[in-house]
Amino acid sequence: MNIVCVSSSLCAALSGLGHNVLDLRPGAGIVRIAPLLGKFVPDLLVQQESLGPRTLIADLDALSCPKVFWSIDTHLNSFWHQYYARLFDLFCTTQKHWQSWFRERGIARTLWLPWYGSQRALVSWDERRAGLGFVGRVTPERPVRGWFLEWLGELGPLESREDLGFAAMLDFYDHSRIVPNESIFGEVNFRLFEAASCGCAVINPATPGLEDLFVPGEEVAVYHDGAELAHWAGRLRTEDLLARSMGLRARERVKREHLPEHRAATLLAASGDISGRAARGVDAQAAWWLTLYHLWEAGRLDMDADVLAKGLSALPVTEEVLAVLLRLRARLGRDEYMRLIVPVAEKGQYESSLEVNLAGGMGALRFEDVRLSRLFFLRHKRHCAPSAPDPGNTPLLICLAWARELQRCRQIFRPGFVFNPHKHLPASSLECLVQASEFDPQNMDVYREMARILARDSGWDGLRLKAMSYLSLRERTNWRLTLELGAADCRAFRVRQGLEELLHARDEALRQEQEPRFWRRLEAHDPSGRIRDMLKSALATATHAT
C-alpha cells in the first residue's frame, strides 16, 4: 500500500509493516498536498496533529484515497478539531472519553488511538536516583502544576527539569525510579508512556482509559488527589521491591502492547472500510472555513479578518455559517454586527438554532442592546426550550439564563480555548458565567454556579478554587461549602491548605451538631480515604497539643 504521512511519527512503523511510505513534513501554516506528492499515488493519507504551529491541508477533498487524522491534544483542541475532522474519513484521538463527544457532533467514524512508548535498554535500578523525578514546564498559566511540584517537594527528594530535548528527557527517566505524573484536563499523556518505557514506577492521575492501558496498582500507581499521591510516593520510596517490580511490569506492558508498530497496525486495521466518509464539495469548503475561523478566533491563526469574512460569506448560509459570521462581525465593530443581526432578527432566520440565537444574543449584549439580546433568548425559548424561565431584562440575568441553557445542551466548556470576555462572545456555559461576572463582579450566584459546574470535570481546579474561595470567605458558617473547598484544595495538590479548610469545616459542623454528616459528606469527595486519614491525624495532633 502507498501511504502518504503528514507530520506523522508512525512512518517507520508503517514501513516496517511492508508499506511504501512518503514522509511529508511541510511545516506550519496552510499547505496544499497535491503538489507535494509528485508521482506518488497514495492509497491512504495519514495526518498527525502537529503540536505548536499547525499544519492545515487546504486541498484534502481533491484526494480520492481514504484520509485519516490523528488528534494528539484532543483535550486542548476539540473546539476546532470538530470541523477539521469532517475533511477526513477516519478521526483518531489519543483520549478514549473524547470519542463520544465527536460522535455527538457528527464525526461518526472515530477511533481511540493512544500515544505509545519505545523500546529502551534497561538501566540498573541501583544506578537510578532514589527520589522523585519530573520533567515538565511550569508556567503562570498552569498554577496547578506549580502546586503539584511544591507538594512533591514536601514528599521527599525531588529532581525536576524543564525544556529538555527528547533524548535528554528519556535519559532522565532512564535514571529515575519514581515518576509522578500530572495531566491538564484528565488526559492520558506522553509522560506516562515515556516513563513506563524506561522502567520507572509511574504515579499517574486517575484518567479515563488508563485501566485499559496499564493495570492500576500493579503496572502503575493511580491517585485521585494530593493525599493519595502522597500515599503512593511514600510507599514506593520505602518499598523498593514494589517500585522496581511496578516499573518492570509497566515496561513489559509497553513492549507487549504500546509500541509504534502496535499503533500502526491498529490504524491500518481501522482504515480498511472508511472510504467515502470525508466531506466533499460545498460541505468540505464549509468545514475548511469553519476550521480557519475557530483557529483565528482562538488567536492560533494569523489571517486577515476580511479574508475570513469573504470566505465564510461565499458559503451557502447554514446555521453554523451564520453563527460564526455573527461572531466575526462582532469582532469587527458595532456597525458591521448590526448590519447582519438586524435582518436576521427581522426575518426570523434560523429561529430554532441555538448557535445563531446565542451569537445574536451575546453580540447584542456586547453593544449594550439588552432588548435585542432578550429577543434572541426568547426565540430560543419559544422554539427549543419552552420550559426555560424568562431571561429577565438585565445583562447579568440574560447571561445566567444562557449559562443554564448551555448546561442543558451539554455545551459546558471549551477546553483549550482561552476566553477573553472583552474580545470573544461566549460559546459555553462557563464563558457565559465569566461574562456575567464582568457585569456584576460581586454576584454570589455567578460564583456559586461557576463552582458547581467546574466540579464536573478535571482541569479546572485553579478557576474552581478562586470561585469557591470567594464564596467561602462570605459564608464561613457554611461547613458544606468549606468542606468542598478543602477537598478541592487537596485535589489541586494544596493539601496543607485543604486540611486547614477541612478542620474549620469539621469544627463548624461540630458546633452545629452535624459532625456525622460532615464525615459522610467527606467520604463522597475522598474515594481512597487518604484525605480522611490525614485529617484524623491532624485532629489527633491538635488534641494532643492541647
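**A guided reading of the model**

Reader: What covers the buried residues of H19?

Author: Among the elements that cover the buried residues of H19 are helix H16 (354-366), helix H18 (395-408), helix H20 (444-454) and helix H21 (461-474). Helices (H or I, at least four residues) and strands (E, at least two) are DSSP runs, numbered from the N terminus. This is a predicted model, in which local features need pLDDT of at least 70 and side-chain atom pairs count only at pLDDT 80 or more, while totals for chains, interfaces and linings use all residues. Residues are numbered from 1 along each chain as its sequence is written, and side-chain values use heavy atoms, with hydrogens and water left out.

Reader: How many residues of H19 are buried?

Author: Buried means under 20% relative accessible area, exposed over 50%, and partly exposed in between (1.4 Å probe, protein chains only). In helix H19 (residues 429-439), 8 of the 11 residues are buried, and the helix is mostly covered. The buried residues include Glu431, Cys432 and Gln435.

Reader: At what angle do H13 and H14 pack?

Author: Axes are lines fitted to C-alpha atoms, for helices over the stretch in contact, and angles run from 0 to 180 degrees between N-to-C directions. Helix H13 (residues 305-313) packs with helix H14 (residues 319-332) at about 155°, and their axes are 10 Å apart. H13 is therefore roughly antiparallel to H14, since angles over 145 degrees count as roughly antiparallel, under 35 as roughly parallel, 65 to 115 as roughly perpendicular and the rest as oblique.

Reader: Which residues of H13 and H14 meet?

Author: Contact means heavy atoms within 4.5 Å. From H13, Ala305, Asp306, Leu308, Ala309, Leu312 and Ser313 meet Val321, Val324, Leu325, Leu328, Arg329 and Leu332 of H14. By class, this contact of H13 with H14 has 9 nonpolar, 1 polar and 2 charged residues. Here Ala, Val, Leu, Ile, Met, Phe, Trp, Tyr, Cys and Pro count as nonpolar, Asp, Glu, Lys and Arg as charged, and the others, Gly among them, as polar.

Reader: What is the order of the strands in the open sheet?

Author: Strands of a sheet pair through backbone hydrogen bonds, either parallel or antiparallel. Two strands pair if DSSP finds at least two bridges between them. The open sheet has 6 strands in the order S2-S1-S4-S6-S7-S8, with parallel pairing. Its edge strands, S2 (20-24) and S8 (110-112), each pair on one side only. Neighbouring strands of this sheet are turned by 20° against each other on average, direction ignored. Strand S4 (residues 44-48) pairs with strand S6 (residues 67-71) over 4 bridges, in the parallel sense. Lys67 in S6 is the bridge partner of Leu45. Helix H3 (residues 74-84) packs on the sheet and touches S4, S6 and strand S7 (90-93); the direction of H3 makes about 155° with that of S6.

Reader: Are Ser7 and Glu368 buried or exposed?

Author: Most residues other than glycine have a negative phi. Ser7 has a phi near 55°, a positive value, and lies in the loop between strand S1 (2-6) and helix H1 (11-16). Ser7 is buried, with a relative accessible area of 14%. Glu368 has a positive phi near 60° and lies in the loop between H16 and helix H17 (370-383). Glu368 is exposed, with a relative accessible area of 71%.
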